[in-house]
Amino acid sequence: MTSAIYKFLTFLLCLSVVTQVEAQTPPSDSLFFKVLTFRNVGPTRGGRSTTVQGVVKQPGTFYMGATGGGVWKTEDYGINWANVSDGFFKSPSIGAIKVYQEDPKIIYVGTGTDGIRSNVIVGDGMYKSENAGKTWTHIGLDKAGQIGSVEIHPTNPNLVFVAAQGQPFNSNKERGVYRTKDGGKSWENVLYLSDSVGAVDIEFAPNNPNIIYAAMWRNQRKPWTIISGANKIGGIYKSVDGGDNWKKVTKGLPQGLIGKIDFAVSPADPNRLYALVEAPKDERGVYRSDDQGESFKLISNKKELTDRPFYYCNIDANPLNADVIFVMATNFYKSVDGGKKWKEIDPPHGDNHDMWINPTDTLQFIQSNDGGANITTNGGKSWSSQENQPTAELYQVEVDDQYPYWLYAGQQDNSTIAVPSLPPYDAAGGPRAFWMAVGGCETGPAVPKPGNPNIVYSNCKGNFGVYDKRSGQERQYHVGATNIYGHNPKDLKYRFQRVSPVFVSFHNPDVVYYGSQFLHKTTNDGVEWETISPDLTANEPDKQVVSGSPITRDVTGEEYYSTLYEINESRIKEGLIWTGANDGPIHVTKDGGKNWENVTPKQLPPGGRVDCIEPSPHKEGKAYAAILRYQLGDWMPYIYKTTDYGKSWILLTTGSNGIPEGFPTRTVREDPDQEGLLYAGTEYGLFISFNDGTTWQPFQQNLPITPVTDIKVFRNNLVLSTMGRSFWILDDISPLHELAKAKTSKTAYLFHPNDAFRMRYRGNGKNDVPYYPSAGVTIDYTLKSKPTEDIKIEILNPDNRVIRTFTSSPPPKDTTKVGVDMATGFETKKSKADISKEAGTHRFHWDLLHEGPWDKDPARSLRGGPMVRPGVYQVRLTVNGETHTESFEVKVDPKLDMTKTGLEDIRAQENLSLQIVALEDSSKRVAEEIKTRRKELAGLIKAGKKVKQYTQEDKRLAQIQDQLVTAEGIYMTPMLIDQVRYLRYMLSQADQRPGKDAYERFDELKNRFSTIMTPYVKLDPRM
């Protein structure tokens, strides 16, 4: 057994190691990590989906499988989608979903998508649910790699066939057709050809499940090419005895080269079998058999039907009309005459992969493509949205320096994309509307210019552009001005990979670097380029070949080998630049490109993709490198560290020091505020090291299992891009910097809070995507054990006065009515204010508000006070009589125009607002006293005691109450309390000096309250 195959097999076993590693995490770390959670900020623009299914007996219920996002389910025709595989699947790559229609609670899922493009994620076998996706069980075939098809016997849910395509990057024997007769408890390989030929599709004859068709395919991917098909190897196989025996069918089919094949059958004609076949030019296309696969005839060799077989090659038939067939390729095609003539259907997105047609209503079907999944109920005239699927495949993440900052990337199969970390303003379309394309295209990267986020440097498949958000125009400055498609790379002057790196200098925002096999530099936004390096790649001649063999040429630049994949410059020293190539070499220059050194780690096997180089923000000669070699069949994690400019390197990932073998590493970052605190993104999740890589531990938190493609540590946030689940942010990681101190505390530890900004935007719920938490300050604390007494958190203002107090006493049920008032447009927010005294670390959020007015309802009382003024505040934690105090600053919103609103204006706003709160507080208390007294009087009058006297008192109280409280009814005139509340809301919408009318209105309401109080005081001298 070769080393590469051994490592791959070991990788699959190691998928289970994550839970073992988590179990080995020190208890104190586990308690601490629990409170730190990520939030998904989108985009909700869907990513690639390669398999779909519907449920006949449950109208509106459909499933989709994403290439890096797991399994999703809708029960309302695609209006809403929810992930159902998180927490169960070890691989997010989904190849096939099959629902047992007689009992749709039973579902089988094969992992590993069949379209083996360069970013393909390897599967880990088969899963089964017996409760419609609520829970899942792994049922084997964990070494099968990519699974192209799953078929369930129509009357026996325990009899299942699986098309195992195999491992995409090297040979393995776990390929071919597998069968289980006991629901996945055991499997037998019933059709095996070789360790490089797998099964990609299976179909039952509709009238006889003992007749089975299987498509066998020679497939493999190298970083520099795609191998699809072989000479007389693979093809169509048929069994007539339920899979026990198979024969190869050749009559009417290509006799030489044959590649990927997909089947379609229709119950309307059980004898008919369609096959979409990859073959040389005159033999490719749609074949039809009318004798259950005994012989075939070429019906159509329309070239568009097989334009990229390794990626598409999908055909389906109408269950009620065997003449109606569909082909999914770059475009979506339909034939109504058995495949002779074709017309295009226009789904929401191109690059089409799969469909499921409702057998009782064939106008209703679900279809999947590179934008997600979409459902039609009228045969394709209209479709459900793809803007509700947060399954974006993102190659990288960049951030700008505005407030709030935005995240940028290339989204595979779509465009570049930018989304905000927090809402910059209200949008009519809601949070999902906050995104924009910023030049370039799907590959990215998109890099905003420091100091000017309106300018974005973007790449599109080797083409450099300068995008201006203000005009929406992108100026094009391509190095070499050559279209990279279709070339033999050896003939190119400049070899650009589709995902070509762009880097803007930390020291001069006008200096931009760009990578082909050379490093290029511009100081005038690309108008002129200077080449400042020799060829920085290995450039092995035998890897410079036309991609796509032996049948279908496929040259999009994705397979161009020997190009730069990473550029990074030291934050400490200008001109100290590191580069990494997609074929292995690492180079460094200390003088801005005048001299270069090859500093590739000597112990690193050749040929891997240098995905990330991280120059240390703490020491000049220190750097880290993450290298991917799984495309060469090597599943080891590779993170190296140097402290001497690359002269020597230390491997930080042994496979046994925290990041398991089988978790290839894509990115590594060092925390800019704490040396040696490292974050690593792998193919199957996130890891952290507190000791400069000596040991690692999982830092998955609430992240779904998916490749972490890039990491940025910015403004004490941990920002991630993923290959299938969009962007994620962990807000405020500063407590990680104090973990060692927290561990030494005897009873409790209060972490130093980050400074907070007085931002006024509308947050939303944790289950929303994007999720935007409300503005405020995060307060973290650790308790070694549960205190005997309630704990307390107090907020002290710049005058050292306590303005808010929160305790661990259970809060009352929140009855606050939230939302936007139709008459005023003012928003009411919920703000939960309880704190926990359980052992462990806790995160408390203070919304930067003063106490609001009193209310009889404890859940409403003290809510909605004015925002505090800027200044230095303190948080004081009291645990069993022991106090801990930390200070933090509340800062002005950086977007605020201080020439229009100054600090004195904000202070004046706070002062007036607090007076308004006091007036509303007093008014509500008086109104409640009157209500209570009138209830007492009603009882006394009913009992016949002093009827005349008490009746007169009640009448006078009613007159006072009517002036304070708005009468019940529709659009009644607001009385004093509601008028005061209106004034309070009016002054809480923006940072401003109160207007003259606000002061006059307050005086008017205050005097009115005084007037109302005069007769009330006379009625009750005790007032």
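1. Contact, as I use the word throughout, means heavy atoms within 4.5 Å. With that in hand, take I261: leaving aside neighbours within four places in sequence, I261 is in contact with V200, D201, A215, G235, I236, A275, L276, V277 and C313.

2. A word on the ground rules. This is a predicted model, in which local features need pLDDT of at least 70 and side-chain atom pairs count only at pLDDT 80 or more, while totals for chains, interfaces and linings use all residues. Residues are numbered from 1 along each chain as its sequence is written, and side-chain values use heavy atoms, with hydrogens and water left out.

3. I261 also turns up in the largest nonpolar core. A nonpolar core is a set of buried Ala, Val, Leu, Ile, Met, Phe, Trp, Tyr and Cys residues joined through side-chain atoms within 4.5 Å; buried means under 20% relative accessible area, exposed over 50%, and partly exposed in between, with a 1.4 Å probe and protein chains only. The largest such core has 49 residues, of which I236, I261, F263, A275, F296, I639 and W696 touch the most other members. Two or more residues each come from β14 (197–205), β15 (208–222), β21 (261–265), β22 (273–277), β49 (623–628) and β53 (678–682). Strand β15 gives the largest share, four residues. There is also a second, separate core of 25 residues, which includes I835, F844, Y873 and V890. Helices (H or I, at least four residues) and strands (E, at least two) are DSSP runs, numbered from the N terminus.

4. Please have a look at V160, which sits in strand β11 (residues 156–166). Its relative accessible area is 0%, so V160 is buried. Not counting residues up to four places away in sequence, V160 touches Y108, V150, E151, I152, Y178, R179, T180 and W187.

5. V479 counts as buried because its relative accessibility is 6%. Beyond residues up to four places away in sequence, V479 touches Y494, F496, Y514, H520 and W529.

6. Now the helices. Two packed helices are described by the angle between their axes and the distance between the axes. Axes here are lines fitted to C-alpha atoms, for helices over the stretch in contact, and angles run from 0 to 180 degrees between N-to-C directions. How do helix α5 (residues 903–942) and helix α6 (residues 947–964) cross? Their axes come within 9 Å and cross at roughly 155°, and α5 and α6 are therefore roughly antiparallel to each other. Angles under 35 degrees count as roughly parallel, over 145 as roughly antiparallel, 65 to 115 as roughly perpendicular and the rest as oblique.

7. In the α5 and α6 pair, residues of α5 including V926, I930, R934 and L937 meet residues of α6 including Y950, D954, L957 and Q961. By class, this contact of α5 with α6 has 12 nonpolar, three polar and five charged residues. Ala, Val, Leu, Ile, Met, Phe, Trp, Tyr, Cys and Pro count as nonpolar, Asp, Glu, Lys and Arg as charged, and the others, Gly among them, as polar.

8. Helix α5 also packs with helix α8 (residues 996–1019): the axes come within 11 Å and cross at roughly 25°. That angle is why α5 and α8 are roughly parallel to each other. Among the α5 residues here are L912, I916, L919 and V926, and among those they meet in α8 are F1002, L1005, F1009 and M1013. The contact of α5 with α8 has 13 nonpolar, three polar and two charged residues.

9. Some backbone spots deserve a check on your side. A cis peptide bond joins G42 and P43, with omega about 10°; P43 lies in the loop between β1 (39–42) and β2 (49–54). The bond from S549 to P550 is cis too, with omega near 0°, and P550 is found in strand β43 (residues 549–550).

10. D525 is in the loop between β41 (519–522) and β42 (530–531), and counts as buried at 15% relative accessibility. D692 has a positive phi of about 60°, lies in the loop between β54 (685–689) and β55 (697–698), and is buried with a relative accessible area of 15%.
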